[in-house]
Every structure is written in C-alpha cells, then in structure tokens.
Amino acid sequence: LVRQGQRSRELTTDSIDDLELARRVSPYSMFNHVYLEELVPVVGRYRHVMPDLSDEELLVRITTDIGYWGNAVRMTSAKSDQGAAPVFSYECRWRTPCFGGKWAVHGVELPFVFNTPTYGAAWDGADSDASRAAADPEGRRFTLGAEMFTAWTNFARTGDPSTETHPWPSYDTTSRPTMVFGAHTGVENDVRSEVRPYVTAMTIE
C-alpha cells in the first residue's frame, strides 16, 4: 500500500486526469514493473466502475490492486489450475480509524488472525484502542476477530478454513469464490470482476 506518512503530492490529488493519476500510481506498484501505457486505460476503467471514489481513494485502490491483489489472483488461479491441493482466497475489508477510515489498510487482519483484539496504537497513530472503540461501539471487530481466528485455526488443523457459520469453498477459476471479512462476512464470487481482467492482463516483470 502507501507507506506510513506518505501523504505528499501523490495523495493530495485535486481533479487530475487519467495520465497524471497513472504517473502517481506507477511508483507504488510494489512488486511489478508497470508500463504507463498499460496503466492509463486501467485507471480509466477504475474511474468508470468506481465513480464515487475520489482521486486519492482511486490511487490507493489501484496501487493496492496492481501491487497485491492482481498477483494474489494470478497465484490462486495457477494453484487452482494445478488440480492438486485446494487453495482458499480471502479479502479483509475491515476499516479502522487509520487514515480517516477511508480504506482497509494493508495487514489490518493480522491482529485478528493472531487473536489479539486490542493492540494499542498502530499504523498512522490515530488508530488506537480508544479510537477503534469509538468508531465501532457495537464491537463488530471482536466478532470479526473470532471469525477469522477460528477460520485460520481450522485451516491449520484440517486444511479447510470453513467454520460452522461460514462455509469457505476452495478457489476455482470459474466462480472465483473469495471469503470477504469486514462489516459483514461471507463469500463473494469474482471480486471486482469489472476490473479484474484489466489488472491481470498487465505485463508482469
């Protein structure tokens, strides 16, 4: 994602065009070299599919998807196509007060899967036990943590992360089932299907 404190010109966007947004996205593509000429139409596609996102939110969404999510889709697809051991896909969408709660930060699921419901200040420093309690007075984060911890321990014990309340199908390249953890937990098929082919078609180097 974007490094802590990296709220410089790249994140203070102000009605910029697709080419300029692509230029700002490309340095943060993380693991892949990105060709600008391939990225510009991807930016345009995201704008069309997600018209309510600000340029700032688009920058974070696209950077995350071309740097992490696209690679995860490629890997799970390849593993599924082997027809050997099953592979399971998940996405954690839980938002904390970090960065104003505009997006789920990278690694937000780690306290949940390690059964650590309270963990002090994190990420940008505005994310604390007190601010999380104020943002989540119903305590959904504790239920979510229990759901994720149970799934992870089931997977470690049996190779299947399904729980009594949330059956978790293995990934395949037809329906592409993904367990989504967040305000609600459940399986979604072909997450972000309207942009996935654009992201996975990008050159990998």
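Predicted model: local features only at pLDDT ≥ 70, side-chain atom pairs only at ≥ 80, totals over all residues.
Let us begin with helix 1, which covers residues 18-25. Asp17 caps the N-terminal end of this helix, with a side-chain oxygen 3.3 Å from the backbone nitrogen of Leu19.

Which residues of helix 1 are buried? They are Glu20, Leu21, Ala22, Arg24 and Val25. The cover over the buried residues of helix 1 includes helix 2, residues 36-49, and helix 3. A pair of packed helices is described by the angle between the axes and by the distance between them.

## Helix 1 against helix 2

Helix 1 packs on helix 2 at an angle of about 115 degrees, and their axes are 8 Å apart. Because of that angle, helix 1 counts as roughly perpendicular to helix 2. The crossing of these two helices is right-handed.

From helix 1, the residues that take part are Asp18, Leu19, Leu21, Ala22, Arg23 and Val25. On the helix 2 side they meet Leu36, Leu39, Val40, Val43, Gly44 and Arg47. Sorted by class, this contact has 8 nonpolar, 1 polar and 3 charged residues.

## Helix 1 against helix 3

Helix 3 spans residues 55-82, and helix 1 packs against it at about 50 degrees with the axes 10 Å apart. That angle is why helix 1 is described as oblique to helix 3. Here, too, the crossing of helix 1 and helix 3 is right-handed.

Leu21, Arg24 and Val25 represent helix 1 in this contact. Their partners in helix 3 are Asp55, Leu58, Leu59, Ile62, Thr63 and Ile66. The residues of this contact divide into 6 nonpolar, 1 polar and 2 charged.

## Helix 2 against helix 3

The remaining pairing to describe is that of helix 2 with helix 3. Their axes come within 11 Å and cross at roughly 120 degrees, so helix 2 is oblique to helix 3. Helix 2 passes helix 3 in a right-handed crossing.

Helix 2 contributes Leu39, Val43, Tyr46 and Arg47. These residues meet Asp55, Leu58, Arg61, Ile62, Asp65, Ile66 and Trp69 in helix 3. By class, the contact of helix 2 with helix 3 holds 7 nonpolar, no polar and 4 charged residues.

Is Asn154 buried or exposed? Asn154 has a relative accessible area of 17%, so it counts as buried, the cut-off being under 20%.

Setting aside residues up to four places away in sequence, Asn154 touches Gly159, Asp160, Pro161, Ser162 and Thr163.

Asp172 counts as partly exposed because its relative accessibility is 27%. A polar atom of the Asp172 side chain lies 2.8 Å from the backbone nitrogen of Ser175.

Which residues does Asp172 contact, leaving aside its neighbours within four places in sequence? They are Ser80 and Pro177. Asp172 and Ala78 are 94 residues apart in sequence, and their C-alpha atoms are 9.5 Å apart in space.

Terms used. Residues numbered from 1 in each chain as written. Heavy atoms only, no water. Axes fitted to C-alpha atoms, helices over the stretch in contact; angles between N-to-C directions. Helix = DSSP H or I, 4+ residues; strand = E, 2+ residues; numbered from the N terminus. Parallel < 35°, antiparallel > 145°, perpendicular 65-115°, else oblique. Left-handed = near helix turned anticlockwise from the far one by under 90°. Contact = heavy atoms within 4.5 Å. Nonpolar A, V, L, I, M, F, W, Y, C, P; charged D, E, K, R; others polar. Buried < 20%, exposed > 50% of the residue type's maximum accessible area, 1.4 Å probe, protein only. Polar contact = N/O pair within 3.5 Å; in protein donor to acceptor, adjacent residues only side chain to side chain.
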